[in-house]
Amino acid sequence: MASQKSQLTVRWLVLLLACIMMIGNYYCYDNPASLHNSMQTLMPSTNFETYYSLLYTVYSIPNIVLPFFGGFFVDKLGAPICLIIFSSLILAGQIVFAFGASVESWPFMLMGRVIFGLGGENLTVAQSAVLAQWFVGKELALAFGINLSISRLGSVINNYVSPAVADDLAFSDFNGVSMALWVGALICGGSLFTAFMIVPIDKAATKRLKDTTKFNDDLTSSLLEDGEDGGGNNRSKASSFDGIRAVSAERMSTSAMLLHEDIDEEEIRLTDVKNFGVIFWLLSLSCLVVYGCVLPFNSFASGILSERNYFKAPSSSCVLMNPGECSSGLLAVNATKNPARDDGDFSEGVSNCPGDDFAPVFPTSLDSVTCNGVSGLSCDKSSYTFSTVTSSDIDCDDDFWSKGCAKNYCDAYSDATKTSDSVMSIPYFISAGLSPLLGFLVDRIGYRAVVASLAPCMLVWVHLTLGFESGSPIAPLIGQGVAYSLFAAVLWPSVPFSVEAKSVGTAYGLITAIQNFGLAVFPLIVSQLKSANGGLYLPNCEVFFTGCAAAGVLVGALLNIFDARRGGKLNSIDGKGRKEVADRGPPTPLMTT
Ligand SMILES: N[C@@H](Cc1c[nH]cn1)C(=O)NCC(=O)O
C-alpha cells in the first residue's frame, strides 16, 4: 500500500500539509534560544543558565525512550492518527510553557517543555514515516528536503518574531516573553488543524488503493480459474492475464516494488530492532554526534555570539571615574562626569573605553540609590544597595537600570541581543534555502555516506574558528548552515535504506531517541563547562562542539567502509546498491504464470 501511495498526485498536497504542520513544532522548539536574553532579564537568577539548559534537557530526556515506542505505534496504528495525537501534545505543552512564563514560574515552564517534547519528537517520527510512505525512490530525499526547508522557516521566523514580540508586545498582565510564547501556542494550534486535514486524505487514498488492489486480485484469480478450466480458450485467457499484469506492474513503479513491499499484513514487533544492521547503528551514532554540535550549538548561539563578537567583556583595566556611582541614565550624576577610561587615567585626551562591541562598564558598588523624586522612572524597589554589582544584578526590565543607573549597558545589551539573534539565524536560513535542492541532488547522485562524513569535517573547521579566532562569525555560521543542510539531506532519507520497509517507523523512532540522548545531555555539559570557566562559553564549549564534529568524521568514515562492504547502498543513487540489485534480480512480477 505504502509504495502505491507514491503514485498518487495527492502526495504533493500531503507533503505541503505535513510541512506546514511542522512549522509550529520548529518555531516553538527554538523559542528558548531566541528568547534567551529576554528570559534572563525577566527571571534573573544565579542559576539562570542551568534553568535555561534544562528547558532543552527536559524536552529531550523523555525522548531518549519515547520516540522508540512512538515509532512502533506509528507502524502499528498508522502515522496519520499519530500526527493528531502528537500535534495535540505540542499544543498542550506550549500552552503550559506560555502560562509558566506568564506567572514567571520555572516549574511550569519546565513542565510545559516536557509535554511539548512528548509530542515534538514523536511528531517528527510520525511525519518521517508519512513521508517514507508517500515518497519513494527519486523523490524521497527531495520530500525530506522540502519538509526540512519549510520546518526550518519556522525556526527562522521564530528568531525574528519572538524577540520582537517580547520587546514590543508586553501588556500589563502579560510580560513580553509570555506574549512571544502565546504566539507560539497559536501557531501550534494551526499545526493541529493541518494534522486533522492530513488524516482524511490519507484514509481516502488507503481505501482507494485497497479497492483497486482487491479489484485486480479478484480479476486475476477469476481469469486464472477460467484459465485452469482447460479447453481451447487457454491462449486468449493467458494473453488477457498478461495484459492485467502489465497494467498492474505499470501502477507500481519499479523502484517502489524494489524498495517497499506491502507492509500492511506483516507483523511488526519491537524485537525487530535486533535485526537492524550495522549501517543503521552507524547512522544513529552519526546523528547523535553531528546533531550534537548543531542543535545544542544553536541553543547557546546567542550567548556565544554576544560573548565573542557583540557584547565582549571589557578589559579589567577599563574602569569608571566614579565606580560607586551610576554609569549612565537619569540617576547618573552626569554621563560626562562618570566616563570609563583605561587604567584610571582620566586626564584630558585619553579616549573612552571599552569601545564598540564591548559591554559598557557598570558601577562596581551602589549605596542606597533611590529613584525617589526622579520623574520618568518607575523603579521596582525603593532603594538599591550592592556591595558588589555583577552582571546578573542588572535587570534591564527595571527602570532603575534601563533608564536610571546603567542605561548605556542596557541599551548596548539590547542591541547586541538583536544582532546575535539575527546572525544566529544564518545556519537555519541556509538550511531553509538549500534543503530542497540538496534533497533533489541526493536523489540523483547518491553519495549519502560520503556526504555524511564530509559535513562533519566542515563542522570541525566551523567550531575551531568560533572557539579560537576572534573575527566576524559570518563565515563560520555559513559553514555551519551548509554542513548542517548537507548532513540532514543525507541522514534522514538514508534510514529507509538501512532497515526493512515494515520497520521504518520503529527505525525513525529509535534514531530520534538516540539523537535525543545527545540533545538532553549536551546542553548540560555546555552549561557546566561555562560555569567551570568563570561564566564564559569560549573556548571550552567550542572545544566540546569540535570534539562532537570530529567524532562525526570518524563515524562517517566507518559508514563508508561498512557501506562499501555491504554493496554500497547508501552511496548508490537509488539506495539499492550493487549486492541488492544482484540479489533481487529484476522487479518481482505481481504473480507468476
Ligand atoms: N528530531 C528533530 C529535532 C528537532 C528539531 N526541532 C524540532 N525537533 C530533528 O532532528 N529534526 C531534523 C532537523 O534537522 O532538525
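Pro539 sits in the loop between helix 20 (504-532) and helix 21 (540-565), and the peptide bond from Leu538 to Pro539 is cis, with omega near 0 degrees. This is a predicted model, in which local features need pLDDT of at least 70, side-chain atom pairs count only at pLDDT 80 or more, and totals for chains, interfaces and linings use all residues. Residues are numbered from 1 along each chain as its sequence is written, and side-chain values use heavy atoms, with hydrogens and water left out. Helices (H or I, at least four residues) and strands (E, at least two) are DSSP runs, numbered from the N terminus.

**Backbone geometry**

- Cys353 and Pro354 are joined by a cis peptide bond with omega of about 10 degrees.
- Pro354 is placed in the loop between strand 2 (340-342) and strand 3 (366-369).
- Asp357 is found in the loop between strand 2 and strand 3; Asp357 is not a glycine, yet has a positive phi of about 70 degrees.

**Ligand site**

- The space taken by the ligand is the largest cavity, a cavity being a set of points, on a 1 Å grid over the protein atoms alone, where a 1.4 Å probe fits but cannot get out. A molecule sits in a cavity if more than half of its atoms lie within 2 Å of its grid points.

**Polar contacts and burial**

- A polar contact is a pair of N or O atoms within 3.5 Å.
- A ligand nitrogen atom is 2.8 Å from an N or O atom in the side chain of Glu121.
- A ligand oxygen atom is 2.5 Å from an N or O atom in the side chain of Arg152.
- An oxygen atom of the ligand also lies 2.5 Å from a polar side-chain atom of Tyr291.
- Taken alone, the ligand exposes 370 Å², and the protein buries 97% of that (Shrake-Rupley method, 1.4 Å probe).

**Salt bridges**

- The count comes to eight salt bridges, each a side-chain nitrogen of Lys or Arg within 4 Å of a carboxyl oxygen of Asp or Glu.
- Arg152 forms a salt bridge with Asp30, the closest N and O atoms being 3.5 Å apart.
- Arg152 lies in helix 9 and Asp30 in the loop between helix 2 and helix 3 (31-34), so the pair ties together parts 122 residues apart in sequence.

Key
Polar contact = N/O pair within 3.5 Å; in protein donor to acceptor, adjacent residues only side chain to side chain. 1 Å grid on protein atoms, 1.4 Å probe; cavity = no way out; pocket = protein on both sides within 12 Å on 5 of 7 lines; lining within 4 Å.
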